[in-house]
Amino acid sequence: GVLEFTRRLFSTTESSQRATIGIKRVGGAAGIITARVKTIQEHSDHSALPHVDYVPVDTTISFQSGEVLQEVEVEIIEKKMLKRDDSFLVELSHPSGGVKISKRNTCIVEIVEDTKIVDLINKVEQALKRSEQDENETWSGQFRQAILLEGEEDEHGNLIEPSGSDALFHFLAMGWKVLFALVPPKQMAGGWACFGISLMFIGAITALVGELAGMLGCFVGLEDAVTAITLVAIGTSLPDTFASSNAAIGADNADDAIGNVTGSNSVNVFLGLGLPWVIATIYYTSTGDKFCVPAGDLAFSVSVFIGCAVLALCVLTLRRKLYGGELGGPKLSNRITAVFFVFLWCVYAGMSTMSTYGVIDAASGDVKCSN
């Protein structure tokens, strides 16, 4: 017959304390045969060392007539390491009794990390992180995070010290952080307290941004309509831009990023405009008066916006066909798309501004030229 290992690769863990290697007899099982089994140090970066990682074996195995399987055990030395990636070789040699050794005369034994221990440690780490999060999700924890500048951990768990720019931005934003630390922690009242107070804070900040933008527009001599589509729009939309950017980086597709933009603008239009107008209409109707809001240049502005939006959707559709998705692709195409989208916004803002100042006749679309 022929002797060979049952597998070319055997895996074991440190906690099992032994590696069991199978040797089989094929092509015949008559007669008594013997062979030598010996461990050999593997010459690699992950080589296990004898008497350090395992107890070396050099023994002779015997197959009786009719016997086709034998097992040899190698003792694994416990090193109490979280991660192990060691390996060594076991060799078959010196056959006797007429048996031959196949070409598979060596096998690899690898000592891998103990998944049970790793899972246990991961559970402990997750429990500690949850404990830290619970500690931070209190009013005192929120104020501590708002005031203190702490480093972050990288993917290997090493603490990264904050840079000078981190310290500068933390100092500039500390007042806002302390202000928003007043929002109740999310575990209070099932999260409804956090949701309601957050909406109040967002409304107050939006109103503040609107008032400051109006004052700035008044100071530099801008019309209210121009201030609304430039300063106010930029100030209230930048948070959505950063949120969409983070969603685009962290998500596998563009759904979250684009959905955040469209959803945010839907709320602005349907609730930001519709809800106050409905309330005002109900109030004035109950008093016997009429609630009227002059459209002004709204029709022209909305028409320009719809045209720009259609062009943007066409670009996104084209990118899906060319590159398989709205985001990603070659760097040149990304930059061209970004420049084109900025150009669309400039077209919208520019044409709406010219309509507001009477440069463009919104009714006819003609451009007025001054003598």
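Q: Which class does Phe340 fall in: buried, partly exposed or exposed?
A: This is a predicted model in which local features need pLDDT of at least 70, side-chain atom pairs count only at pLDDT 80 or more, and totals for chains, interfaces and linings use all residues. Residues are numbered from 1 along each chain as its sequence is written, and side-chain values use heavy atoms, without hydrogens and water. Buried means under 20% relative accessible area, exposed means over 50%, and partly exposed lies in between (1.4 Å probe, protein chains only). Phe340 has a relative accessibility of 27%, so its class is partly exposed.

Q: What is the relative accessible area of Phe341?
A: Phe341 counts as partly exposed. The value behind this class is 31%.

Q: How many helices and strands does the protein chain have?
A: Helices (H or I, at least four residues) and strands (E, at least two) are DSSP runs, numbered from the N terminus. For the protein chain, the secondary structure comes to 8 helices and 11 strands.

Q: What share of the contacts with a separation of 6 or more joins residues 24 or more positions apart?
A: Contact means heavy atoms within 4.5 Å. In the protein chain, among contacts with a separation of 6 or more, the share from residues 24 or more positions apart is 62%.

Q: Why does the pair of Tyr54 and Phe88 count as stacked, and where does each residue lie?
A: Rings of Phe, Tyr and Trp (its six-membered ring) pair if their centres lie within 6.5 Å; planes under 30 degrees apart count as stacked, over 60 as edge-to-face and the rest as tilted. By this rule there are 8 aromatic pairs. Tyr54 and Phe88 have ring centres 4.0 Å apart and planes at 20°, so they are stacked. The two are 34 residues apart and link distant parts of the chain, with Tyr54 in the loop between β4 (33-40) and β5 (58-63) and Phe88 in strand β7 (residues 85-96).

Q: What are the relative accessibilities of Tyr54 and Phe88?
A: Both residues count as buried. Tyr54 has 1%, and Phe88 has 0%.

Q: What angle do the ring planes of Phe340 and Phe341 make?
A: These two residues form an aromatic pair with 6.4 Å from centre to centre. The pair is tilted, and the angle between the planes is 45°.

Q: On which residue is the kink in α5 centred?
A: Helix α5 (residues 224-250) has 27 residues and reaches 38 Å from its first C-alpha to its last, close to the expected 39 Å. The expected span is 1.5 Å times one less than the number of residues. A bend at a residue is the angle between axes fitted to the seven residues ending there and the seven starting there. In α5 the kink is about 45°, centred on Ala233.

Q: Which helices do the buried residues of α5 pack against?
A: The buried residues of α5 are Val226, Thr227, Ile229, Thr230, Ser244 and Ala247. They pack against α4 (192-220), α6 (255-286) and α8 (331-356).

Q: Where is the kink in α3 centred?
A: The 17 residues of helix α3 (residues 164-180) should span 24 Å, and the end C-alpha atoms are 24 Å apart, which agrees. The helix has a kink of about 55°, centred on Ala173.

Q: Which backbone oxygen does the side chain of Gln142 reach?
A: Gln142 is found in helix α2 (residues 139-147). At 17% relative accessible area, Gln142 is buried. Its side chain reaches, at 2.9 Å, the backbone oxygen of Val183.

Q: Which residues is Ile108 in contact with, leaving aside neighbours within four places in sequence?
A: Ile108 lies in strand β9 (residues 106-112) and is partly exposed at 32% relative accessibility. With those neighbours left aside, Ile108 is in contact with Arg8, Leu9, Phe10, Ser87, Phe88 and Leu89.

Q: What is the phi of His94?
A: His94 lies in strand β7 and is exposed, with a relative accessible area of 54%. Its phi is positive, in a residue other than glycine, with a value near 50°.

How values were computed: Polar contact = N/O pair within 3.5 Å; in protein donor to acceptor, adjacent residues only side chain to side chain.
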